[in-house]
Amino acid sequence: MAVFVLGDSGMGKSRLIEAVVAELGAEVTPVPIHGSASLTKVPYGVLGPFIVGLPVQEATSQLAVLRTLWAHLEEQKRATQKPLLLVVDDAHDLDEATAGILAELAAAGWAKLLVAAAARPGLPEPLLQLWFEGIAERHDLRPLTLPQTTEMLEGELGSQVLPNVAEILWEASGGNPMLLNGLLDDAKNDGTLLRRNGVWLFTRHLNSHGERLTDVVRRQLLLRSPEERQALNLVALAEPVARDLIESVTGEEAVGSLIDSELIRVTDRATGELRLWHTVYGDTLRNLISPARSLQLRQSLLRKMDSEPTSAEGLLRHVSWSIECGAEVEDRQLLRAAVLASRLYEDELARKAAALVKDPELQMAARAVIARTRYNASDYVAARDILDADFGKGNSIPGLLAGSLLWAAVMSALGHAPAEIMKRAQVLQRAAERLAAARPDDAEAIVRATKERLATMEAMVLALSGEYAAAPAMADAQAAADAGGATLPAANTLEKVFRLCLDAERLLADGKGLSALAVMSRAIEAAGADHDELYFLTDFLVVRSAGAAIHSGDWQGAETLLTSFVAGSGPSLISFGGGVHAAHGIILLYKGKAAQALNTLSAALEALRLTDPQQLFALTAAMAFAAAAEVGAQAKAELLLADFEAAPAALPRYMRSLAAMAVVYGKARLGNYPGAIAELKRLGHPDPDVDTPGIELDALAFCLELGDTDSAPRLLELRDGLEGPRPAAICAYAAAISTDNPADHLEAAKTCEAAELWTFAALAYDAAAHAYRAAGDTLRERMANSQRKRCLDRADDLPGEDASKSDDSLGILTRRERDIVALAVRGLTDRQIAAELQVSVRTVEGHLYRSYAKLNVKGREELPGIGGR
């Protein structure tokens, strides 16, 4: 009998077999045997400690070795009186002769084997044969999944872990436990991973050259030949790099060996492009190479290169390598690398490259890149100061417009109104006029480019602030142009995107969340992938799209949107991860899952304290305050309210209204806001001259949750103009309030359940129970109360719990079933019920059987107690 455990380096093979031996404990006699790379070609080399008494002339005899080894093992077995277990680690390094001896022992049943080996190169042939013959079991260790990584981190850190921490570490480690542990320890030691207010989060981008990971890489290098080390270093310094280029320097054998050992991999077979197998090795390897050695390697590679890298990633690595070893880089290359690095949130490299630009014509653009890095870190004042110094001072079109969109975004983030921003932006117009006068040949192009940029800036700041009233809808503008026989001038791509965002904001305020989501889909499609100066545009579009989906109650659409963003976000997950978690928290709060919402929103808030590129802190703090008030966590609520009041007010119009409503609702829940209902209704109608049904819906929904049934008639007036399952469910509850018919309450409750609005569903069932009590229908009152409790339980479900109980388990009975159960509760027998209702006894029995299943009771003796469930 044998058990083989195989996996890549760092997958935990040794730890696993150690745990197995510890579990078996006193049941076996463990005999450890370790493979050794230095003894791979020495027959029976690793068996030396067991065969020291063997004469030299018999050292190559398999029979003599087997006899001597067995005598040694038998001696140990007699001493313990327990079966032998040969524990073989690093079996991939065993010589064939030793592997043959071990296979003989296992096949003969003299000893059991527990073997760990690397998947590549794998087991020696004699051991592998045991598996082919069915004598051995094989278990391959796979990389950890994201949920497993999350579980491991929570077990290790023993506290709440922000989801993006698990996502980033999982992505960086590739699910390899050894690398995961190394990255985790290094991140904790250097302050990259910190615990703030009970939440573990990243304060900056992951450092992959800490002490623990460096030790892992050093051990790998010790096992490699000089040629292999050179090849590995070259790939680390130049990746992605052509295979034939590395082979021309180090030889084919070295490259092939590294590929077989899964230290490097071919990512594009057409071009033979090489990369490190584990990307986290890159920084560590580069950090281990001295500048002088790095320069030497660079020169050896450059002599073989026909041209410089053409891909963006290749350019970035090439420039980074050159800076590290002090080599000269052309200014335009430096600027391109700086722009790319800032978009990938490699802010330190972006600043280094930008600072090295010497050409005065390019320095303004370089300083704009440095401002980007400050924007990445939410240091808007520093970004503004850098951009203000150059605003409107360029001597060419690129120089004049450099950083202008980012300047407008920074001003918006600092809370300046769109009109004020555009008034200050006229500096750009006057500068363009002066430049056009100085360069008459280019005057038309200068004026046109500046006019287009100012139009884009205006659309952007209006969209960022949500001030849709200041801009006509694109559809209305087109209709007006058509009526006058004119053609609407084609907006540039960015202007069109922001105009669409304004249209979506207008639709959202009108309560047409699904239409707003459709418009945002058009905006995302129009924006494309390459946003140049506005590299944060995708984040902005995701926020607005998610807001529309959440307002309408399209939870699946919102989750899909956020999940797809996380999957493709890469480096921006640290800066924008807090926004993703805030959206998840708001969904939970709307569903009525206040306890879960509080945990999620609190974690998001800690991330947003560090970096808040979409200015979501105030909204998140307000929603977290409402959740804390909902669950009665007064001390926590007070802290969250202070966070909200101290937060910058740079929120778009709809979010600003929503945040204010959440704060009023929270204060009312805490019992210290007697004028809450009136204030909520005022917030739902921010402009007395303009109806905003969508904003009003949110306000009246809060009112209903506070028990204000007088809000129901107004919701019925709004109902026909609203879109989405959430507004429909809330209005269904309002309609049931207006009739106070128990059947209507039950129907409304089912609608709210379908929309996953568990608080509203519970309110509807509660109203049904009161109506049944007033009518003297005790049985139906109990059933409604049972359903109410089930909905409250759903709201309290923890993540991962199976809350999806069958709808029939405690479902509402049919009319005939209710009649029969009511008679059974009164004590009538089946035959008496049949006579009363003029049906057969078999029919009564069938209805009772189905009712027991629906009510989750075992028989008629439990029927009187169903109200307590």
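In the loop between β7 (193-196) and β8 (199-202) lies N197, where helices (H or I, at least four residues) and strands (E, at least two) are DSSP runs numbered from the N terminus. The phi of N197 is positive, at about 50 degrees, although N197 is not a glycine. Most residues other than glycine have a negative phi, and most peptide bonds are trans. N197 is exposed, with a relative accessible area of 60%; here buried means under 20% relative accessible area, exposed over 50%, and partly exposed in between, with a 1.4 Å probe and protein chains only. The model is predicted, and local features need pLDDT of at least 70, side-chain atom pairs count only at pLDDT 80 or more, and totals for chains, interfaces and linings use all residues. Residues are numbered from 1 along each chain as its sequence is written, and side-chain values use heavy atoms, with hydrogens and water left out.

A positive phi, near 60 degrees, is also found at E262, a residue other than glycine. E262 is placed in the loop between α11 (252-260) and β10 (264-268), and with a relative accessibility of 13% E262 counts as buried.

The bond from R120 to P121 is cis, with omega near 10 degrees, and P121 belongs to the loop between β4 and α4 (125-132). The bond that joins E239 and P240 is likewise cis, with omega of about -5 degrees, and P240 is found in the loop between α9 (226-238) and β9 (241-242).

Strand β4 also takes part in an open sheet of five strands, which has the order β2-β3-β4-β1-β5 with parallel pairing; two strands pair if DSSP finds at least two bridges between them. The edge strands of this sheet are β2 (29-34) and β5 (136-140), each of which pairs on one side only. From one strand to the next, the twist averages 15 degrees, with axes being lines fitted to C-alpha atoms, for helices over the stretch in contact, and angles running from 0 to 180 degrees between N-to-C directions. Strands of a sheet pair through backbone hydrogen bonds, either parallel or antiparallel. Strand β1 (residues 2-7) runs parallel to β5 and is joined to β5 by five bridges, and V3 has E137 as its bridge partner in β5.

Helix α3 (residues 96-107) lies across β2, β3 (84-89) and β4 (112-118), and runs at about 150 degrees to β3, where contact means heavy atoms within 4.5 Å.
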